[in-house]
Amino acid sequence: MLTGELIRLRPLEPEDADTLWRWHNDPEVTRWLPADHPESLAQIRERFTHRKPNSFSQVDFAIESLAVGTLIGTCTLRDATPEQGRAELDIYLGEKDHWGGGYGTDAMRTLCRYGFDMMRLHMIALWVVVDNEAAIHIYKKLGFQVDGRHRQSFRGQNGQWHDEYLMSLLEGELR
């Protein structure tokens, strides 16, 4: 387990499926997540039961609040290759009562430290919808820089198209 100031990162467990199903059925939580086909609770439980183990190429974590000890979000480093020394990061907090309290920032910082220190990555990149100002604020605070803009590359839950930024953080830039 990896511990930050407010959060703990731990591997996802099959019993986390019920919470993720609840989050995936909340339009506020999924607003900036890629639109996907709806899944039943049984489908999510099945997917969680047969998940591939964490590996260098993809490591998935549950984000737990240290104060409460409950699951509040998930984060991933994926598409990692030792040859390139880079990975892409995905994160979201599903528990809305933890939004704006520093939990996302702490989870990002803890995950990036893991990527740079343990996985020996040189770069961590992510895609973020240009209109997701709260996330962009966190990413910039941690040292991520905008590398480019991808036009109309994200279709929102309402069918509207949005631009996305490609942002990256190099080893040694984490704040």
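Contact here means heavy atoms within 4.5 Å. Helices (H or I, at least four residues) and strands (E, at least two) are DSSP runs, numbered from the N terminus. The structure is a predicted model, in which local features need pLDDT of at least 70 and side-chain atom pairs count only at pLDDT 80 or more, whereas totals for chains, interfaces and linings use all residues. Residues are numbered from 1 along each chain as its sequence is written, and side-chain values use heavy atoms, with hydrogens and water left out.

In the contact between helices α1 and α2, Ala17, Asp18, Leu20, Trp21 and His24 of α1 meet Leu41, Ile44, Arg45 and Phe48 of α2. These contact residues comprise six nonpolar, one polar and two charged; Ala, Val, Leu, Ile, Met, Phe, Trp, Tyr, Cys and Pro count as nonpolar, Asp, Glu, Lys and Arg as charged, and the others, Gly among them, as polar. The axes of α1 and α2 come within 9 Å and cross at roughly 130 degrees, which makes α1 oblique to α2. Axes are lines fitted to C-alpha atoms, for helices over the stretch in contact, and angles run from 0 to 180 degrees between N-to-C directions. Angles under 35 degrees count as roughly parallel, over 145 as roughly antiparallel, 65 to 115 as roughly perpendicular and the rest as oblique. The crossing of α1 and α2 is right-handed; a crossing is given this term if the near helix is turned clockwise from the far one by less than a right angle, and is left-handed if anticlockwise.

The crossing of α3 and α4 is right-handed. Thr105, Met108 and Arg109 of α3 make the contact with Ile138, Tyr139, Lys141 and Leu142 of α4. Among the residues of this contact, four are nonpolar, one is polar and two are charged. An α-helix has 3.6 residues a turn, so residues three or four places apart point the same way.

Helix α3 was also examined for its length and its burial. The 15 residues of α3 should span 21 Å at 1.5 Å a residue, and this agrees with its end C-alpha atoms, which are 21 Å apart; the expected span is 1.5 Å times one less than the number of residues. Helix α3 is mostly covered, with 12 of its 15 residues buried. Buried means under 20% relative accessible area, exposed over 50%, and partly exposed in between (1.4 Å probe, protein chains only). The buried residues of α3 include Tyr103, Gly104, Asp106, Cys112 and Phe116. Leu111, which lies in α3, has a relative accessible area of 0% and is therefore buried. Leu111 touches Leu9, Phe61, Cys75, Thr76, Leu77 and Leu89, not counting residues up to four places away in sequence.

Backbone geometry was considered next. Most residues other than glycine have a negative phi, and most peptide bonds are trans. Asp79, in strand β4 (residues 71-81), has a positive phi near 55 degrees although it is not glycine. With 46% relative accessibility, Asp79 counts as partly exposed. Arg120 is located in the loop between α3 and β6 (123-129), and its phi is also positive, at about 60 degrees, in a residue that is not a glycine. Arg120 has a relative accessible area of 71% and is therefore exposed.

Pro27 occupies the loop between α1 (17-24) and α2 (41-49) and counts as exposed because its relative accessibility is 63%. Pro27 and Gln157 are 130 residues apart in sequence, yet 7.8 Å apart in space, C-alpha to C-alpha. Val146 belongs to strand β7 (residues 145-155) and is partly exposed, with a relative accessible area of 35%. Residues up to four places away in sequence aside, Val146 touches Lys140, Tyr165, Leu166 and Met167. Val146 and His37 are 109 residues apart in sequence and 30 Å apart in space, C-alpha to C-alpha. Asp163 is found in strand β8 (residues 161-170). The contacts of Asp163, not counting residues up to four places away in sequence, are Val128, Val129, Val130, Arg149, His150, Arg151 and Gln152.
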